[in-house]
Amino acid sequence: MISNKIYDLMLEQINAELFSSYLYLSMSAFFEEKNLRGLAKWMKVQSDEEREHAMKFYDYLVTVGKKVILKSITAPKSDWSSIMEVWQDTLAHEKKITDMINKIMYQAVEEKDFASINFLNWFINEQVEEVTTVEEIIAKFEMIGDSKQGLYFLDKELGSRA
Ligand code: OFO
């Protein structure tokens with residue numbers, strides 16, 4: 001069993017993960033429109049992963065006997081002024097998600113809810129990985145600057161994400 005406080009935070013997290021999925025799909029559509037097929041593919045894979053994150057919380061709540069209640073998902077942004085802005089938004093978003101995960105973990109630790117702590121550990125690690133990955137991508141875009149050739153190769157590289 002989990003407390004009502006953790007239950008509420010997890011319901012909120014399901015919504016945040018589904019919003020993440022929606023946001024990255026919107027970024028994917030933005031890149032498709034710019035004919036950056038590799039970047040679009042990267043974002044699409046990311047969008048799919050975010051749905052899986054939502055489902056991990058969904059399944060956990062079902063396992064502990066709690067009813068999943070879905071809230072409405074806010075429409076994401078659909079336009080960006082530059083490619084760099086998309087990645088900066090991605091980084092800012094992942095940092096926000098990290099804060100949310102930390103908040104649930106803090107609550108689980110406070111309550112000595114060891115099952116939830118164990119469950120949340122996966123997300124703690126995942127957030128470190130995601131923030132690092134996006135920071136590395138931003139560093140690469142900074143490296144290529146305005147180079148069209150650089151963009152061509154980065155699009156190819158990021159498009160190889162399975
Ligand atoms: Fe991007 O890790 Fe879930 O939200």
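This is a short chat about the loop that holds Lys66, Lys67 and Leu70.

Mentor: Quick ground rules: this is a predicted model, where local features need pLDDT of at least 70, side-chain atom pairs count only at pLDDT 80 or more, and totals for chains, interfaces and linings use all residues. Residues are numbered from 1 along each chain as its sequence is written, and side-chain values use heavy atoms, with hydrogens and water left out.

Trainee: Why is Lys67 called exposed?

Mentor: Its relative accessible area is 62%, and exposed means over 50% (buried is under 20%, partly exposed in between, with a 1.4 Å probe and protein chains only). So Lys67 counts as exposed.

Trainee: And what makes Leu70 count as exposed?

Mentor: Leu70 has 56% relative accessibility, so it passes that cut-off too. Leu70 also forms a nonpolar patch on the surface with Tyr58 and Val62, with about 280 Å² of accessible area together.

Trainee: How do you know that Lys66 has no salt bridge?

Mentor: A salt bridge needs a side-chain nitrogen of Lys or Arg within 4 Å of a carboxyl oxygen of Asp or Glu. For Lys66, which is buried, the nearest side chain of opposite charge, Asp8, is 7.9 Å away, so no salt bridge is counted.

Trainee: Which side chain does Lys66 have a polar contact with?

Mentor: That's Asn4, at 3.5 Å.

Trainee: What does Lys67 touch, leaving aside neighbours within four places in sequence?

Mentor: Tyr7 and Leu11 are in contact with Lys67, where contact means heavy atoms within 4.5 Å. The C-alpha atoms of Lys67 and Leu11 are separated by 9.5 Å, though the two are 56 residues apart along the chain.

Definitions and conventions. Helices (H or I, at least four residues) and strands (E, at least two) are DSSP runs, numbered from the N terminus. Lys and Arg count as positive and Asp and Glu as negative; His and the chain ends are not counted. A polar contact is a pair of N or O atoms within 3.5 Å; within protein, one must be able to donate a hydrogen and the other to accept it, and residues adjacent in sequence count only if both atoms are side-chain atoms. Patches are made of residues with over 30% relative accessible area and no salt bridge: like charges are joined within 9 Å, nonpolar side chains (Val, Leu, Ile, Met, Phe, Trp, Tyr) within 5 Å. Accessible areas come from the Shrake-Rupley method with a 1.4 Å probe; for residues, only the protein chains shown count as cover.
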